[in-house]
Amino acid sequence: SLKAGLTVSGSYGPSIEFTASADFALNTSIEQATKVATDYSKEVTNRATSRVFERRREERILKTIEVFEEKNTHGVDNKAGADNVIGQYQWLEKVYEAQIFNYGKRMLFDIMLPEPAAFWLYAVSSAPPPGNNLVKPPPFTLTPADLNEWNYMPYVAKYQVSGVTPPPDPYITVAKTFDGRGTQDNGVTKTAEIPVSTGYRAIAGTVTLWYARWSGGSVDMGFGGNMHRSSDNDFWYVALGNEEGTVAFEAKTWKAADFIIGVEVQCQRTQGALDDWKLKTHAAIMQAYLKMLRDYEEQLAALQVQAAQEVQGRNPDENARLIRVEIKKGATSVFTAQQFDAFGAITTSTQGYPQPDLTVLADQGRYIRFFEQALDWEQMMFFFYPYFWGRKYNWPNRALLQDVDPLFADFIRAGSARVVLAVRPGFEHAIAHFLDTGEIWDGGDLPPITSPLYVSIIEEIRERDAAPGTEVAQGDPWDVRLPTTLIKLRPEASLPAWQKNAQGEWVPV
């Protein structure tokens, strides 16, 4: 039994007390009983005949009970405080610095993009829930009567059952032998109780007799209530009466010298023994299944708790990158009048591995490079319009979407977006040629390194990383304040006061 906890209590004032406690209790009890019943039968001796019979029964019971109790109590402890505890929640705003830059004259395209976050929201809703990679064990629905000698092994393997014994054999044989020596005037008597194993019944028996005799000699035998006299070497088959426990055998010789008697008993498994095996095997499989199910549920619960405790939201820079990628995808689709259905230069090898499809790689590569370089994506501008410009049946969902990043919240709620694309200097003629003919690179091959249309990969990396260029700032920067869903707990007792500083910004007093 294990219990761990923390309790803190206190009070302030004459009549108010607060208690904060967190307890965790674990009770585990294991009860194991082993019963061994051993019976030794008495030794029976009759004229140099002896018998020892042993019956042994072993039973083991293992019971495990696990009880978990978790108790959480929330309160305020001001025991060491000299004054009242006061807290105020204050909404936080995010402040951006905005600045206009002049990049020179550019060819611009102004397009509208419906629901820019549609695919992202679909991908999020389709993401697997926590614990999706866990495999729930299939239910074990068989009853003890459904188990048999041929179908239990797959369940033992499936649920990783240990300690299962194979079913008792349908038939077994037990045997006993006698030998002795008589005289012409005196006979010999042999008696025995032949043991029949627990869970079996005697259905038949055989007796093999060999002996040397004087004239008129014989051997009288009794076997499970049957009588037989042999006047010579003999083989005797007997149908027994389903005896359980023991089968009696007697033999008496007359005018017999040396003799040997062999007795065999054919035993058949009882239905009770098979039913007992079914019950034990079913219980073992059920316990293994319940353990696997309990382990699965505990792992799933732990993953769900972990997911619920993760920090909400993402880094604002990561959000900005995600927004630009989604807008770029939608704008490219609108600009080129295609849905990316023809892309994907990957095929499958004969071994089942993914590999480049060389037959389409060249054409797709030329197309991708043209639109990645001809349009100045880093100078792309966009503005989001409210949710009601999107599909009407999505209004209830889109209107309630929130995020700690206000810009990202506008993105996922947007019903439409205005996007302005700038053409990279030097590509104006190539873009115009594409709009007129649908041909890239003016219908020719990729530009060589000496061509004005050639864009160095270093330049692409600098633009992706927003490295400073030849842009010229226009006017003074200004602050853009956006509301967020974040709050801060202020320990002050008075309401906040604000005043303007020398730069004209509102700051707390």
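Select helix H5 (residues 358-374) and helix H8 (residues 428-437): the two axes come within 11 Å and cross at roughly 125 degrees. That angle makes H5 oblique to H8. The crossing of H5 past H8 is left-handed. The model on screen is predicted.

Now show the side chains at this crossing. On the H5 side, pick Tyr 367, Phe 370, Phe 371 and Ala 374; these meet Ala 430, Ile 431 and Phe 434 in H8. Sorted by class, the contact of H5 with H8 has 7 nonpolar residues, no polar and no charged ones.

Stay on H5 and select Leu 358, which has its place in that helix. Is Leu 358 buried or exposed? Leu 358 is exposed, because its relative accessible area is 68% and the cut-off for exposed is over 50%.

**The whole chain**

Zoom out before going on. The protein chain has 9 helices and 18 strands. Of its 509 residues, 28% are buried. Among contacts in the chain with a separation of 6 or more, 75% are between residues 24 or more positions apart.

**A second pair of helices**

Next select helix H4 (residues 316-336) and helix H7 (residues 406-413). Their axes come within 10 Å and cross at roughly 30 degrees. H4 is therefore roughly parallel to H7, as angles under 35 degrees count as roughly parallel. H4 passes H7 in a left-handed crossing.

Which residues make the contact of H4 with H7? From H4, select Asn 319, Leu 322, Ile 323 and Glu 326; from H7, select Leu 407, Phe 408 and Phe 411. By class, the contact of H4 with H7 divides into 5 nonpolar residues, 1 polar and 1 charged.

Move to Ser 416, in strand S15 (residues 416-422). Ser 416 is buried, since its relative accessible area is 10% and buried means under 20%. Leaving out residues up to four places away in sequence, Ser 416 touches a run of residues at Met 112, Leu 113, Pro 114, Glu 115 and Pro 116, and also Phe 383, Phe 384, Tyr 385, Pro 386 and Trp 389. Turn to Leu 113 in that list: its backbone oxygen lies 3.4 Å from a polar atom of the Ser 416 side chain.

Glu 115 is in the loop between strand S5 (108-114) and helix H1 (118-126). With a relative accessible area of 9%, Glu 115 is buried. What is the phi of Glu 115? The value is positive, about 40 degrees, although Glu 115 is not a glycine.

**Gln 160**

For another positive phi in a residue other than glycine, select Gln 160, where phi is near 55 degrees. Gln 160 lies in the loop between helix H2 (152-158) and strand S6 (171-181). At 64% relative accessibility, Gln 160 counts as exposed.

**Asp 258 in strand S11**

Select strand S11 (residues 246-269) and find Asp 258 in it. Asp 258 is partly exposed, with a relative accessible area of 29%. Apart from neighbours within four places in sequence, Asp 258 is in contact with Gly 180, Arg 181, Trp 210, Tyr 211 and Ala 212.

Two of these partners can be looked at in turn. Select Arg 181 first: a polar contact of 3.1 Å joins its side chain to that of Asp 258. Then select Trp 210, which is 48 residues from Asp 258 in sequence but 8.5 Å from it in space, C-alpha to C-alpha.

**Last stop: Thr 485**

Finish in strand S16 (residues 472-490), where Thr 485 has its place. At 33% relative accessibility, Thr 485 counts as partly exposed. Which residues does Thr 485 touch, not counting residues up to four places away in sequence? Select Trp 91, Gln 402, Asp 403 and Val 404 to see them. For Gln 402, check the C-alpha atoms: those of Thr 485 and Gln 402 are separated by 7.8 Å, with the two residues 83 apart along the chain.

Methods:
Residues numbered from 1 in each chain as written. Predicted model: local features only at pLDDT ≥ 70, side-chain atom pairs only at ≥ 80, totals over all residues. Heavy atoms only, no water. Axes fitted to C-alpha atoms, helices over the stretch in contact; angles between N-to-C directions. Helix = DSSP H or I, 4+ residues; strand = E, 2+ residues; numbered from the N terminus. Parallel < 35°, antiparallel > 145°, perpendicular 65-115°, else oblique. Left-handed = near helix turned anticlockwise from the far one by under 90°. Contact = heavy atoms within 4.5 Å. Nonpolar A, V, L, I, M, F, W, Y, C, P; charged D, E, K, R; others polar. Buried < 20%, exposed > 50% of the residue type's maximum accessible area, 1.4 Å probe, protein only. Polar contact = N/O pair within 3.5 Å; in protein donor to acceptor, adjacent residues only side chain to side chain.
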